Structures are given as C-alpha cells and as structure tokens.
Amino acid sequence: MRRPLMAGNWKMNKTISESVSFVRMLKAAVSGVKDIGIIICPTFISTNAVYGEVKDSNISVGAQNLFWEEKGAFTGEVSAAMLRDAGCSYVLIGHSERRQYFGETNEIINKKIKAALSNGIVPVLCVGESLKEREENSTFEIIENQLKESLSGFSQEDASKLVVAYEPVWAIGTGKTAAPQQAQEVHAFIRRIYSEMYNNIIADKVRIIYGGSVKPDNVSELMKQSDIDGGLVGGASLELESFVKLITYSRS
Ligand code: PEP
C-alpha cells in the first residue's frame, strides 16, 4: 500500500514571512490529517524558517533544487548537506522549468539525485514530455529516456527511495490537466520501466505523483487512478484554501 503524497511547489513565490505565516495556517488546518504525506517546497531562503514552524507536525519541507558538489567555489549554489541542515527531507530534481530555463540535462539530474541520496534527502525526480513530443507520439520514448539516464548507476536500494513526478510540460501552469486516463497510462508505463530496471517489488513500492494544473475540481478523478499516488502542485498550492482542499480531497 503506497501512502499518497501532496507536494506544493511554490517556485519563486512568497517571502520568508509570507511562507511562515502560510505554513502556520496550513499546520492548523491539516493537523488531523494522517493518511497523506504533505510537503511544502518554498524558496531556498525560506526552507529553514518553514522547517522551524512545521518540525513537529505532519508537514515536511522540500527544496526545489540543489547542487551536486558538497562545497566550494560554486557561487550561488546550495548543497544537499546544507538543505538537510536547513530541515529539508525532500528535494525536487529535474523540474521542467529547471530543464527548460537552466539547461538541466538527465546527466546533471543523475548527479543531483546521487547528492540527495547520499545526504538522506528523498529526491522527487520530475519527468515529462513537451507538447511537441506528445504530438509527435514520442511521450513514452522521452519518459523512458529520462528515467533510464537520470537513474543510471543506481542500485535497487537507491531506486526504492525515490519519488517520481510525472509532469507533462504542456500541463504545467497552463490550466490544461492531462485527462486522468492519459496520466494513468504514463504512470503505469513509469512503473513498468521501474520494474524492468529494478524489480516488481520496487516498482510496486515507488510513489509516482502527478503534476500539471492539479486543482480541487480535478484531484479526486486523478487520485482514483491506480498508479497515481499523489500530486505535485504549483499554482493551487499558493492559496491556503485550495491546497487544503487538495490535501483533504478524499474527505470532501
Ligand atoms: C509544478 O510546478 O510542478 C506544477 C505542476 O505547476 P501547476 O500546478 O501550476 O501546473
């Protein structure tokens, strides 16, 4: 039985004080929730303050990125050990905005996953096809390639620690959600690739969450799909009311 996850990716939004006041209200609103993991990914500079607010609660903190080296002359970068120290237990790796605007390749993503795992942080590996790739019918090829290259060299034990996020690029921040069956098809495919690369037990265990315009009015249908284990949410995680609705979808 996979425990579902609902992760909010705040991207470059909210100051430190806005982040802290949001999680203070979130903590009160979801204090009784036990059946779903809740993650907030604020900006780097807010992670520690957010952690201070949620450390004894059912909310975990994630980062949106990391750099793979431990320390040194890498101006502007933040290491996995620093994130761990700031209270992060998850980190998004290979988000499509990082791939698109910052040139992240599967090779870079591979190094980042390694750094996260060596510091006890759960990597949330983001994969997904662009609209052009979907229209060219290369979705499955793209996803397979992203998984195989990003996970190259990892043991079964490493692979079992990851969360995978399927985020069709054309659905991120556009208001266009993949149809639940369309998302399920790719999630099932990701699980199949995982089982080919590792084994059935690990494939069955790995959580595969969906991202791309998840909103209160589409979350239930998405979450009914057998291979969708949660959501990675941008826009709808910035408002308390909508994020709480996503977390409590099964009770609404
Ligand atoms: C995201 O940033 O990962 C995302 C899915 O954004 P949105 O929910 O706004 O589409």
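1. Which helices each supply at least two residues of the lining of the largest pocket? They are helix H2 (44–54) and helix H4 (96–102). Helices (H or I, at least four residues) and strands (E, at least two) are DSSP runs, numbered from the N terminus.

2. Basis of the note. This is a predicted model, in which local features need pLDDT of at least 70 and side-chain atom pairs count only at pLDDT 80 or more, while totals for chains, interfaces and linings use all residues. Residues are numbered from 1 along each chain as its sequence is written, and side-chain values use heavy atoms, with hydrogens and water left out.

3. Terms for voids. On a 1 Å grid over the protein atoms alone, a cavity is a set of points where a 1.4 Å probe fits but cannot get out, and a pocket is an open set with protein on both sides within 12 Å along at least five of seven lines; lining residues have an atom within 4 Å of a point. Points are joined across faces, edges and corners, and a volume is the space filled by probe spheres set on them.

4. Largest pocket. The volume is about 410 Å³. Its lining has 15 residues, and Lys11, Met12, Gln64, Arg98 and Phe102 are the closest to the centre. H4 gives the most to this lining, with 4 residues. By class the lining holds 7 nonpolar, 5 polar and 3 charged residues (nonpolar: Ala, Val, Leu, Ile, Met, Phe, Trp, Tyr, Cys and Pro; charged: Asp, Glu, Lys and Arg; polar: the others, Gly among them).

5. Second largest pocket. This one has a volume of about 200 Å³. Its lining includes Ser96, Arg99, Gln100, Glu129, Glu133 and Asn145. H4 and helix H7 (139–150) are the elements that give two or more residues to it. The lining divides into 2 nonpolar, 7 polar and 3 charged residues.

6. Cavity. There is 1 cavity of 30 Å³ or more, and the largest cavity has a volume of about 40 Å³. Among the residues that line it are Met6, Tyr210, Ile228 and Gly231. Helix H11 (219–223) and strand S8 (230–233) each supply at least two lining residues, with H11 giving the most, 3 residues. The classes are 7 nonpolar, 2 polar and no charged.

7. Helix H9. Residues 180–197 form this helix of 18 residues, which reaches 26 Å from its first C-alpha to its last, close to the 26 Å expected (1.5 Å times one less than the number of residues). Its buried residues (under 20% relative accessible area, 1.4 Å probe, protein chains only) include Ala183, Val186, His187, Ile190 and Tyr194.

Definitions and conventions
Buried < 20%, exposed > 50% of the residue type's maximum accessible area, 1.4 Å probe, protein only.
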